[in-house]
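Have the structure open as you read.

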Amino acid sequence: MITNNTKQERYVLIAVDTGRGYDAEKSLQELSELLDTAGGETVDMIIQNMESPSGATYLGSGKVEELRQYIQGEEEVGNSITGIICDDELSPAQMNNLEQILGCKVLDRTTLILDIFAQHATSREGKVQVEMAQLKYRSSRLAGSLGGSLSRQGGGIGTRGPGETQLETDRRLIRSRMASLRKTIQEMERSRDTGRKMRLNNGVPVIAIVGYTNAGKSTLLNRLTQSSVLEEDQLFATLDPTTRSGQLNDGQKVLFTDTVGFIHKLPHQLVDAFHSTLEEASYADIILHVIDASDPEWEMHEKVVYDTLDELEIHGKPILTAFNKVDLLADTFHGKDDRAEKILTVSAATGFGIDELLDSISDVLRELRVYIDRTFSYAEGNKVNRIHESGQILTEEYTEDGIHVSAYVPRSLYGWLM
């Protein structure tokens, strides 16, 4: 029998509370959930109130000394602490100074999220994009102690993805690798563009599902399309975008695309690397915004999603907001979203509200379409079939002259049909 004796990494979580619209305690709780997703354990959480983080050591010098003594004391009684994780992105100098003083591994929020992405990327595209994001982040830190410290630590959280060999190379080799990855990503983007053009030519509507991580997007995708995409109650359970075919209550076919979840302080390296994936929303006919109604921080999550969409310059799309997980609430839920065409309450787990959601998608699509009323000859049966697939048929009558149809159809099909 083979047993795994690998010890779980244990970290102290650190935050600086500047008091400017930032709830450090809640942010650290989310950081703890991220650490749990990465396979680590939270030992303690420490918050220091400061006007701004120290440029040298993130925390103030006195608090750093307290932290050093705390870690040393835990070590002396046999409670090994792997290191600390700071809730903000650290500069190379801050990371180096903290490592020198504390004598342990020092990570930041960005490193932790990148590590989780490295664990959860399963497709070739996802793995390439994660590696690009990691190399962008680590290349600026090779001159400091991060590269050396991570190789000394012998792996673990914060070192997955490119691996120690990448960290031990010089900047020239890193740049060479990044150039190679850029070419690969460009090839993937061309392939993705081809797929988008095919969908546009086919006239099949696309609904992009967006939302904060762990809002239940994958569960909702499965409910809407009778699929079996991975569902787990953890942050970033699914990373690679997934597109599945579905059917609305009026019979028309649509495509639902699940995008990577957003999160507070999403590293800009990931936004850059996953830009082509995230911009699926900009090519969609409708954006389906999923919010976890059971999460007390849903309003902050809503803001993070819209800030990210704005950063990606995704504007002018009709938005349906679905407050999910209402089955977990004891009372009636009343959410708000000023940017949404309509707000719905659903439970992807139980199926509550799904029919109303599908009808709402049909209503929005109808407003985006063109009305036609004509008779097709029987030789044009393929056109009628396309209307069935991509349009909303109101009436259909078989006559001596052909098939008389009144329907709403995508603008992209209108010229071909007429």
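Predicted model: local features only at pLDDT ≥ 70, side-chain atom pairs only at ≥ 80, totals over all residues.

Residues are numbered from 1 along each chain as its sequence is written, and side-chain values use heavy atoms, with hydrogens and water left out.

**The parallel sheet**

Let's begin with an open sheet of 4 strands, ordered β2-β1-β3-β4, with parallel pairing. Helices (H or I, at least four residues) and strands (E, at least two) are DSSP runs numbered from the N terminus, and two strands pair if DSSP finds at least two bridges between them. At the edges sit β2 (41–49) and β4 (105–108), each pairing on one side only. On average, neighbouring strands in this sheet are turned by 25 degrees against each other, direction ignored.

Strand β3 (residues 83–86) pairs with β4 in the parallel sense over 4 bridges; there, I85 has L107 of β4 as its bridge partner. Helix α3 (residues 92–102) packs on the sheet and touches β3 and β4, its direction making about 150 degrees with that of β4. Contact here means heavy atoms within 4.5 Å. Helix α4 (residues 109–120) lies across β3 and β4 and runs at about 80 degrees to β4.

**Two helix pairs**

Two packed helices are described by the angle between their axes and the distance between the axes. Axes are lines fitted to C-alpha atoms, for helices over the stretch in contact, and angles run from 0 to 180 degrees between N-to-C directions.

| Helix pair | Angle | Axis distance |
|---|---|---|
| α2 (residues 61–76) and α3 | about 45 degrees | 9 Å |
| α4 and α5 (residues 124–139) | about 155 degrees | 9 Å |

Angles under 35 degrees count as roughly parallel, over 145 as roughly antiparallel, 65 to 115 as roughly perpendicular and the rest as oblique. With α2 and α3 packing at about 45 degrees, α2 is therefore oblique to α3. The contact brings V64, L67 and R68 of α2 together with L98, I101 and L102 of α3. Those residues divide into 5 nonpolar, no polar and 1 charged. In this count Ala, Val, Leu, Ile, Met, Phe, Trp, Tyr, Cys and Pro are nonpolar, Asp, Glu, Lys and Arg are charged, and the others, Gly among them, are polar.

As for the other pair, α4 and α5 are roughly antiparallel to each other. From α4, the residues T110, T111, L114, D115, F117 and A118 meet V130, A133, Q134 and Y137 of α5. This contact has 6 nonpolar, 3 polar and 1 charged residues.

Strand β11 (residues 370–376) has a covered face made of V370, I372, R374 and F376, and an uncovered one with Y371, D373 and T375. β11 pairs with strand β13 (residues 403–409) in the antiparallel sense over 7 bridges, and D373 has S406 of β13 as its bridge partner.

How many residues of helix α9 (residues 217–225) are buried? The count is 7 of its 9 residues, where buried means under 20% relative accessible area, exposed over 50% and partly exposed in between (1.4 Å probe, protein chains only). The buried residues are K217, S218, L220, L221, N222, L224 and T225. Their cover includes β5 (206–211), β6 (242–247), β7 (253–258), β8 (286–292) and α14 (354–367). After α9 comes Q226, whose phi is positive, near 55 degrees.
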